[in-house]
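Here are some quick notes on the nonpolar packing and the charged pairs. Have the model open while you read.

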Amino acid sequence: MAAAARPLALLASASASLAAGGASVRLAASSSRTPRRALAVLGRRQFAAAAAAGGAVMGKAGAADADAGMDAVQRRLMFEDECILVDEQDNVIGHDSKYNCHLMEKIESGHVLHRAFSVFLFNSKYELLLQQRSATKVTFPLVWTNTCCSHPLYRESEVIEEKCLGVRNAAQRKLFDELGITAEDLPVDQFIPLGRILYKAPSDGKWGEHELDYLLFMVRDVKLSPNPEEVADVKYMNREQLKELLRKADAEEDGVKLSPWFRLVVDNFLMSWWDHVEQGTLQEAADMNTIHKL
């Protein structure tokens, strides 16, 4: 996708529509790789201070040489995507490259906590769509996880705080990138934010995650066209099938592995929230005031 980011006036309109509970908002599903200042959300001085606090990005040439074996698509995303840095209260404090944000040495230094999202998409039979991450993923390749897991980027459409609109916009963009689900199938006002978790997890020694993760739920039938650069496999699962997948992962059977963030959500929230999915009462389960440190 190479669509340009939408202008501030359209974003303001989208935000107002969500606040009013009106018709579904069609998103800026932009893949522009140039970070842009979120002047509609933060004052100019505040935003400039946040940018200054973000820290320098590792020199691209040196890092690229060190990771010459990295898949070309993943390497481009690692260096060109800018994640949103936050403190433990989810206040924006800057930005840094996806590469730097996932280096364990920087994670352990405590300076690259970044905002993320995890989507849990159910069909009309209340089955949860899972994906197996592709073998070329830099972090946690070939593990099974929830429908989509990624990051809002440092661009005007994805740092909007009101109604979690920036995170919803990012989720819509990435669901198209990874699973080919169109914006028409995923209205941003139908993503239901249920909560936030803060976690840290190593991947392979060099890489890892340290995220403040927004958990977004939706019940909707969609058409899938998975991108093999991002996704190795997809499956819809009911509760019993998911429990069998968990058993295999615990027993290290058939090479089944789960992403750490998905396992944290399963162990702490998912089954009770699944009840709300089936009863149509997801809004009752939402708690966006608490950040769960797991």
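1. A term to settle before anything else: a nonpolar core here is a set of buried Ala, Val, Leu, Ile, Met, Phe, Trp, Tyr and Cys residues joined through side-chain atoms within 4.5 Å. Also keep in mind that this is a predicted model.

2. So which residues touch the most other members of the largest nonpolar core? They are Phe-120, Phe-217, Phe-262 and Leu-270, out of 33 residues in that core. Two or more residues come from each of strands E3 (114-122), E4 (128-133), E7 (192-202) and E8 (208-219), and likewise from helices H8 (239-251), H9 (260-279) and H10 (282-285). The top contributor is H9, which supplies nine residues. As background, nonpolar side chains in soluble globular proteins tend to be buried together.

3. Leaving out residues up to four places away in sequence, Phe-262 touches Phe-120, Leu-128, Leu-130, Trp-144, Thr-145, Asn-146, Leu-242 and Leu-270. There's also a second, separate core of 27 residues, with Val-119, Val-167, Tyr-214 and Val-231 among them.

4. On to charges: the structure holds 20 salt bridges. In general, side chains of opposite charge can pair when their charged atoms come close. The one I'd look at is Glu-230 with Lys-137, where the closest N and O atoms are 2.4 Å apart. Glu-230 sits in the loop between E8 and strand E9 (231-237), while Lys-137 sits in the loop between E4 and strand E5 (144-145), so this pair ties together parts 93 residues apart in sequence. Both Glu-230 and Lys-137 are buried.

5. Lys-125 and Glu-127 make another salt bridge, with 3.9 Å between the closest N and O atoms. Are these two partners buried or exposed? Lys-125 counts as exposed because its relative accessibility is 61%, and the cut-off is over 50%. Glu-127 is buried because its relative accessible area is 17%, and the cut-off there is under 20%.

6. Glu-240 counts as exposed at 54% relative accessibility, whereas Lys-243 is partly exposed at 43%.

Technical notes
Residues numbered from 1 in each chain as written. Predicted model: local features only at pLDDT ≥ 70, side-chain atom pairs only at ≥ 80, totals over all residues. Heavy atoms only, no water. Buried < 20%, exposed > 50% of the residue type's maximum accessible area, 1.4 Å probe, protein only. Helix = DSSP H or I, 4+ residues; strand = E, 2+ residues; numbered from the N terminus. Contact = heavy atoms within 4.5 Å. Salt bridge = Lys/Arg side-chain N within 4 Å of Asp/Glu carboxyl O.
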